[in-house]
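My plan is to look things up one by one and write down what I find.

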Amino acid sequence: MSLKSVIIAAAAAAAVATSAFAGDAMIMVHDQYARVSSPTAKAGAAFMEIINKGEAGDQLIDVRSDVAAKVQLHTHKEGGDGVMKMMHVEEGFAVPAGETHVLQRGGDHIMFMGLKQALNHGDVVKLTLVFEKAGEVEIEVPVDLERKAEGHGGHSN
C-alpha cells in the first residue's frame, strides 16, 4: 500500500462518523465523499448517508463551505420532456427519526458551483451541514475520484 493510499484511508476513517445532538435529534453522517468530473471542473458534488438516531425527525436546511462560490442542496427531477434536470431544493431534506437519508449520485446531493480550487483525489473538503433541530454539524469530506456510483451499498431514502 502506498503512502498516499495510507493517508487517504486515514483521512476517510477520521471523517467516517460525525455526530450532532440537539434535544431529541441525534444526527450522524457516514460514508461521505466528494467528486468532480475533471481536474478543471468548475462544479462538483458531495454524497453521504445522514442518519437520525434520535426520537424526533429533523430537516437538513442548508449547507456551507468555502470551497465554492455557491453550495446548495440539490436533487434530480424528471422534467415534462423526460429529461432529468438538477435543481436546488430550498426546503432541504427530511431526515425522519430512526431513518437514513442518502445523498447519492442521480438523486439528492450537495452541489458545489464555482469551485475556488481544484478538487484532487485525496483532498478533504470542510462542510457545515445546517439542521433545523440539530443545528450546525461540521464534517470533513474526502475527495474520492475513483469511487464507483454504487458506493453507498444500495441504500435508499
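**Entry 1: a bridge to start from**

I began with one residue pair. In S10, arginine 64 has threonine 128 as its bridge partner. Before going on, I noted the ground rules. I am looking at a predicted model, where local features need pLDDT of at least 70 and side-chain atom pairs count only at pLDDT 80 or more, while totals for chains, interfaces and linings use all residues. Residues are numbered from 1 along each chain as its sequence is written, and side-chain values use heavy atoms, with hydrogens and water left out.

I also wrote down what the labels mean. Helices (H or I, at least four residues) and strands (E, at least two) are DSSP runs, numbered from the N terminus. Two strands pair if DSSP finds at least two bridges between them.

**Entry 2: the whole chain**

I looked up the secondary structure next. The chain has 1 helix and 11 strands. Read from the N terminus, the order is α-β-β-β-β-β-β-β-β-β-β-β.

Then I checked burial. Buried means under 20% relative accessible area, exposed means over 50%, and partly exposed is in between (1.4 Å probe, protein chains only). Of the 157 residues in the chain, 42% are buried.

The accessible surface of the chain is about 8,300 Å². Carbon and sulfur atoms own 51% of that surface. The areas come from the Shrake-Rupley method with a 1.4 Å probe, and for residues only the protein chains shown count as cover.

I looked at contacts too (heavy atoms within 4.5 Å). Among contacts with a separation of 6 or more, 66% join residues 24 or more positions apart.

**Entry 3: the open sheet**

In which order do the strands of the open sheet lie? I read S7-S4-S10-S11, 4 strands with antiparallel pairing. The edge strands are S7 (93–95) and S11 (135–142), and each pairs on one side only. On average, neighbouring strands in this sheet are turned by 35° against each other, direction ignored. For such angles, axes are lines fitted to C-alpha atoms, for helices over the stretch in contact, and angles run from 0 to 180 degrees between N-to-C directions.

I went through the pairings in turn. S4 (residues 58–64) meets S7 over 3 bridges, in the antiparallel sense. Here aspartate 58 stands opposite valine 95 of S7. S4 and S10 are antiparallel as well, over 4 bridges. S10 and S11 pair over 8 bridges, again antiparallel. In that pairing, lysine 126 is across from glutamate 140 in S11. S10 and S11 make a hairpin, with 3 residues between them.

How many residues of S10 are buried? I found 6 of its 8, so I noted S10 as mostly covered.

**Entry 4: the rings**

I searched for aromatic pairs and found 1. The ring centres of tyrosine 33 and phenylalanine 47 are 5.2 Å apart and the planes are at 40°, so this pair is tilted. The rule is that rings of Phe, Tyr and Trp (its six-membered ring) pair if their centres lie within 6.5 Å; planes under 30 degrees apart count as stacked, over 60 as edge-to-face and the rest as tilted.

Tyrosine 33 is in strand S2 (residues 25–36) and phenylalanine 47 in strand S3 (residues 43–52), 14 residues apart. Both tyrosine 33 and phenylalanine 47 are buried.

What sits over the ring of tyrosine 33? I found the charged end of arginine 147, 4.0 Å from the ring centre. A charge counts as over a ring if NZ of Lys or CZ of Arg is within 6 Å of the ring centre and within 35 degrees of the ring normal.

**Entry 5: aspartate 31**

Strand S2 also holds aspartate 31. Its phi is positive, about 60°, although aspartate 31 is not a glycine. Aspartate 31 has a relative accessible area of 16%, so I put it down as buried.

**Entry 6: two loop residues**

Proline 96 lies in the loop between S7 and strand S8 (100–103). Its relative accessible area is 33%, so proline 96 is partly exposed. Leaving out residues up to four places away in sequence, proline 96 touches Asn52 and Gly57. Proline 96 and glycine 57 are 39 residues apart along the chain, yet their C-alpha atoms are separated by 4.1 Å.

Asparagine 120 is in the loop between strand S9 (109–115) and strand S10 (124–131). Why does asparagine 120 count as partly exposed? Because its relative accessibility is 39%. Asparagine 120 touches Val143 and Leu145, with residues up to four places away in sequence not counted.
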